[in-house]
Amino acid sequence: MTTIADRARELTVSRAPFVRATVVRAQDPTSARPGDDAVILPDGTIEGFVGGVCAESSVRAAALDTLRDGTTLLLRVLPDGTATFPDTPGALVVVNPCHSGGAIEIFLRPVLPVPVLGLAGSTPISAAVATLAAFLDFEVSTSGDYAGATAVVVAGLGKGEQDAIRAALDAGVGFVALVASRTRGAALLDELALTDAERARVHTPAGLEIGARSPQEIALSIMAEVVRALRVDGLASSPGAPAARPQQAVDPVCGMTVLVGPDTPHARVDGQDEWFCCAGCLARYTAA
C-alpha cells in the first residue's frame, strides 16, 4: 500500500509542487489524530486524511496559500466560540463553525521543486558558477536542453553563445545571463535580432557589480543576480503556465471559505450560485 511518505517522494522526484500536511495536535472530539497526514496538490486535490470535511476545506485553502511563497504554516482549526490562540508569526487561526467541537493543529510544509540552472560553456567561469550554484541548492544542467530551467548562464566566452541564448529563449527561460563585456554583449544581441521582450530577458554583463575579478568572484556576482531575480523580482522557479488556482467561495451558512470543485456541495437559487463546505450546510440553506 502506498503511504503519504511514498507519495511525497514520488512528487518530489517528478518535480511537482505540493504541500505536506501533518496533524500535530488534536483535541477531542475530532476524527483526526496526531500523525495523520496528507499531501495537497496545486489544484486543491488532497490525498490522505487530516480531519473531516470541514477541517479539510480549511486545510486545502491554507495549503494553496503556502505554495505562493514556500512559507511553512501552522494552521489552528478551532470550533466556533473558542478563545483564540495568540497571534504569532507563521501561525493562522481559523474558526470552523461546522466542527464537531474539537480543535486541531496542522503543520503545512510546502515542497517546491529546486530551481534548475542551465549552464552553457566550458570555461573557468562556468565551472565556478556550477560549483556555487550546487552549493546554493540549484540543480545544474549542462545538457543544452533548457526546458524547465529557472535561469540560464551563458559563459562560453565567444563559443556557442548565440545558439545557447536562442535555445534558452525558445524554451521560455525568463532569465538569461550572458558573460561578456557591455560592448560585446550588446553587439551579440544585435546580431541575434531579438524582439524587445526577448532582449529584456537577457542580462549582460552578467552579475551584480561587485568589482569581481577571479572566476570565483564573477560566479558570486552572477549567482547573486540570479538569486535576486528569484527572491526579489519574482522570477518563477518553474517556468511554464502555473496550475490554475481553484475558485474560492464563502459558505453562506457558516461563513467558511471553500474551494470550488466538482464535488463541492452547490445550489443555484434565483440565478445565483452558492457553494457549501458540506452537505449539512447545503441542507440548512435549501430548507431556509
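Arg15 sits in the loop that runs between α1 (4-13) and β1 (18-27); helices (H or I, at least four residues) and strands (E, at least two) are DSSP runs, numbered from the N terminus. The model is predicted, so local features need pLDDT of at least 70 and side-chain atom pairs count only at pLDDT 80 or more, while totals for chains, interfaces and linings use all residues. Residues are numbered from 1 along each chain as its sequence is written, and side-chain values use heavy atoms, with hydrogens and water left out.

Asp137 is located in the loop between α3 (124-135) and β8 (139-141). The table lists phi for Arg15 and Asp137, each a positive value in a residue other than glycine.

| Residue | Phi | Relative accessibility |
|---|---|---|
| Arg15 | near 60 degrees | 27% |
| Asp137 | near 70 degrees | 57% |

Arg15 counts as partly exposed because its relative accessibility is 27%, and Asp137 counts as exposed because its value is 57%. Buried means under 20% relative accessible area, exposed over 50%, and partly exposed in between (1.4 Å probe, protein chains only).

A cis peptide bond leads from Thr204 to Pro205, with omega near 0 degrees. Pro205 belongs to the loop between β11 (202-203) and α7 (215-231).

Asp37 is part of strand β2 (residues 37-40). Its side chain makes a polar contact of 3.1 Å with that of Arg20. Such a contact is a pair of N or O atoms within 3.5 Å; within protein, one must be able to donate a hydrogen and the other to accept it, and residues adjacent in sequence count only if both atoms are side-chain atoms. Leaving aside residues up to four places away in sequence, Asp37 touches Ile4, Arg20, Ala21, Thr22, Gly48, Phe49 and Val50, where contact means heavy atoms within 4.5 Å.
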